[in-house]
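Biologist: Please take a close look at one part of this model and leave the rest aside unless it touches that part. I would like a connected account, with the cut-off behind each term stated where the term comes up.

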Amino acid sequence: MRIRDLRSRVVAVPIKKSTYVSGLNEELFRIAVIVELFTDEGYVGLGEAVPPVDVEATKRIIDSAKRLLVGEEVFNLEPLKKKVYAYYNLSHLHLHAANWALNAVDMALWDLIGKSCSQPLYKVWGGAFRKKIPYYGAIQRSTVENVARQAEDLVKRGFKTLYLKVGLDEKEDLECVKAIREAVGYGDVKVRLDANQAWSPGKAIKMINKLSKYEIEFIDQPVLMYNLDAMARVRRAVDVPIAAHESSWTFYEVLNVIKKEAADIIHIDPRFDAGFTGARISAGIAEAAGLPVVMHSFHELGIAQCAYMHLIASCPNFVYANQTAYDDLLDDVIEGGPLKFKDGCMEVPERSGIGVELDEEKVKEYQKLYEEVRSKLTKKFSKYQLMSYRSFFKSEDYEKGLK
């Protein structure tokens, strides 16, 4: 089975206003590049890239890979990926440089393999350790009262793990975590915190020890990602488990985190790593070290959300609730509409490949919306508002809007 063609399309899917942290009082959207790989046997593989940088640059990277892919055998996936990585010089640049885009191609290739075998992807990867995938409920930073209210609502909806960003202000951090515990109690509800490298080692130890009385499940990346010695120092000095995220973006880095004994939990994300194979290697290295792993999220639509569920299902050490921002979406581009949570969980799709197909009408609707959003924002928003949306536009549109 050989690749016959590649197509990419950009969509803008509406999200809930309350979930966007910039505070702009405007319609808000999840921007994604949808990838389709067409084969000579009639199969179509789906992939998805949610760009952290300029969406048009992401699309251009994906489109430029077409000439490297067309005519190649789908089941020659790993050598093919090495060829594409070599083209983008990722042996010298960090994998992150282009893999945010190329991961969508990798996803589509795996979808093709599953579809051509008439098997869901988790079976291609050796079977499922779990088919019900747990996720945490994310609490947006706001007033202490609103944080408590969000916690109550999420628990009522069935989420057993709650997640909050910290590292913003010591007093507010402590007040918010206390309010969450007062709202939902202790019992079966877990509370997870993410500092995103905000603290120095000394401040991290001080803050984590203060927070520990609230029975914290674990704290993500308390100190700078590059200083594993500092992270190991923090881990030795506190009772709360420490998770590596920015420190463990690739399997190379996972190995270093483990060698330094710098973390108790490892975050996994194919977009940072060498695609799904890299993520599975990372999970395997962690398993060999006796460490659990957690799926990281970056605002997926349904294609990527389902692809990552297959990964979670197929690795034994995904034993914690995983990260997702899927709950923010008001709609999706997949057949059947948005995926549903039940008791804070989602079921792994059983259809072949990733297990979803595109709703063409929705794709066209949100393609059009993307063009309208891009045009409207360049005309309507102020310079400072527009800066928050920079990643939506081609560079010339952005510069035009700033004038």
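Modeller: Leaving aside its neighbours within four places in sequence, T39 is in contact (heavy atoms within 4.5 Å) with M1, R2, I3, R4, V74 and L112. The model is a predicted one, in which local features need pLDDT of at least 70 and side-chain atom pairs count only at pLDDT 80 or more, while totals for chains, interfaces and linings use all residues. Residues are numbered from 1 along each chain as its sequence is written, and side-chain values use heavy atoms, with hydrogens and water left out.

T39 belongs to strand β2, where strands (E, at least two residues) and helices (H or I, at least four) are DSSP runs numbered from the N terminus. With a relative accessibility of 2%, T39 counts as buried; buried stands for under 20% relative accessible area, exposed for over 50%, and partly exposed for what lies in between, with a 1.4 Å probe and protein chains only.

The sheet around β2 is an open one of three strands in the order β1-β2-β3, with antiparallel pairing, where two strands pair if DSSP finds at least two bridges between them. Because β1 and β3 stand at the edges and each has a single partner strand, one side of each is left without a neighbour in the sheet. From one strand to the next, the twist averages 20 degrees; axes are lines fitted to C-alpha atoms, for helices over the stretch in contact, and angles run from 0 to 180 degrees between N-to-C directions.

Within this sheet, β2 (residues 29-39) and β3 pair in the antiparallel sense over six bridges. Among the partners found in β3, L46 is bridged to E36, and E48 is bridged to I34. The hairpin of the two strands has four residues between them, and there G42 takes a positive phi near 90 degrees. As for burial, five of the six residues of β3 (residues 44-49) are buried, so this strand is largely enclosed by the rest of the structure.

Helix α12 holds H310, a residue that is buried, with a relative accessible area of 0%. The side chain of H310 reaches the backbone oxygen of G353 at 3.5 Å. That distance sits at the cut-off for a polar contact, a pair of N or O atoms within 3.5 Å; within protein, one atom must be able to donate a hydrogen and the other to accept it, and residues adjacent in sequence count only if both atoms are side-chain atoms. Not counting residues up to four places away in sequence, H310 touches P120, L121, Y122, W125, V348, P349, G353, I354 and G355.

An α-helix has 3.6 residues a turn, so residues three or four places apart point the same way. After α3 comes N89, whose phi is positive, near 60 degrees.
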